[in-house]
Amino acid sequence: MDKQAVIDCTRRWIASVVIGLDLCPFAGRVFQAEKVRYAVTDAAEEGALLTDLASELQALASRPASEVETTLLIHPRALGDFLGYNDFLGAAERLVGGLGLRGTIQLASFHPGYQFAGAEPGAVENYTNRSPYPMLHLLREESVSAVAADRGALREIPRRNVETMRRLGRGKILEMLRAARGGQ
């Protein structure tokens, strides 16, 4: 696996989809300041991924936000099936708590097959959380709180994102994801 190619693809996805469509109004600042750590793991099974997640959680917690504000743990070889990935999220959350990092770091989830509960597999709203590779986003809660002073605006983000995806349509979204993958 070419880890740099995985990172490059992820960076293109963030720039064109996440920031380009304003899905996360906080991403641009961190991305432009180069305070995102991209960790690509070779883990192919859940146990190894949990080990790598523990290392990344501790690394993020131990470094100042002025150096690294957030981490993307990208795992192209593990949990390619969304249902398995979704089941894994409970173990990942328990790990955050077990490391004493609840209230310090929170997880966000992204997957190529992401599907919201109650949504059809091809529904456009699923694309708000569809990424080129399965990944876990480790966010400092203090950073989220600092930029999310307006709780009303924060609650509006998911609704606005769904509207954006519906306005674009599935074809345009798929085109953007293909471009992020380098045309694949």
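Analyst: Reading from the N terminus, the elements of the protein chain come in the order α-α-β-α-β-α-β-β-α-α-α, which gives 7 helices and 4 strands. Keep in mind that this is a predicted model. The chain has a radius of gyration of 16 Å, close to the 16 Å that the globule rule gives for 184 residues, so it is as compact as a globular protein of that length. If you follow the C-alpha trace along its principal axes, it spans about 40 × 40 × 30 Å. Of the 184 residues, 43% count as buried. Contacts also reach across the sequence: among those with a separation of 6 or more, 75% are between residues 24 or more positions apart.

Now for the part you asked about. The largest pocket holds about 880 Å³ of space. Which elements give two or more residues to its lining? They are α1 (3–19), α2 (27–32), β2 (70–74), β3 (105–110), β4 (135–140), α5 (141–147) and α6 (151–168). Of these, α6 gives the largest share, with 5 residues.

In total, 33 residues line the pocket. If you want to find its middle on screen, pick out Cys24, Ala108, Phe110, His137 and Leu139, which lie nearest the centre. Sorted by class, the lining has 23 nonpolar, 7 polar and 3 charged residues.

Leaving aside neighbours within four places in sequence, Ala39 is in contact with Glu56, Thr71, Leu72, Leu73 and Ile74. For a sense of scale, Ala39 and Gly169 are 130 residues apart in sequence, and their C-alpha atoms are 31 Å apart in space.

While you're looking around, two loop residues are worth a click. Most residues other than glycine have a negative phi. Glu34, though, has a phi near 55°, a positive value in a residue other than glycine. You'll find Glu34 in the loop between α2 and β1 (36–40). Leu79 also has a positive phi, about 60°, although it is not a glycine, and this leucine is in the loop between β2 and α4 (82–98). Are these two buried or exposed? Glu34 has a relative accessible area of 63%, so it is exposed. Leu79, at 13% relative accessibility, falls under the 20% cut-off and therefore counts as buried.

Terms used:
Residues are numbered from 1 along each chain as its sequence is written. This is a predicted model: local features need pLDDT of at least 70, side-chain atom pairs count only at pLDDT 80 or more; totals for chains, interfaces and linings use all residues. Side-chain values use heavy atoms; hydrogens and water are left out. On a 1 Å grid over the protein atoms alone, a cavity is a set of points where a 1.4 Å probe fits but cannot get out, and a pocket is an open set with protein on both sides within 12 Å along at least five of seven lines; lining residues have an atom within 4 Å of a point. Grid points are joined across faces, edges and corners, and a volume is the space filled by probe spheres set on the points. Ala, Val, Leu, Ile, Met, Phe, Trp, Tyr, Cys and Pro count as nonpolar, Asp, Glu, Lys and Arg as charged, and the others, Gly among them, as polar. The radius of gyration is taken over C-alpha atoms; the globule rule is 2.2 Å times the number of residues to the power 0.38. Buried means under 20% relative accessible area, exposed over 50%, partly exposed in between (1.4 Å probe, protein chains only). Contact means heavy atoms within 4.5 Å.
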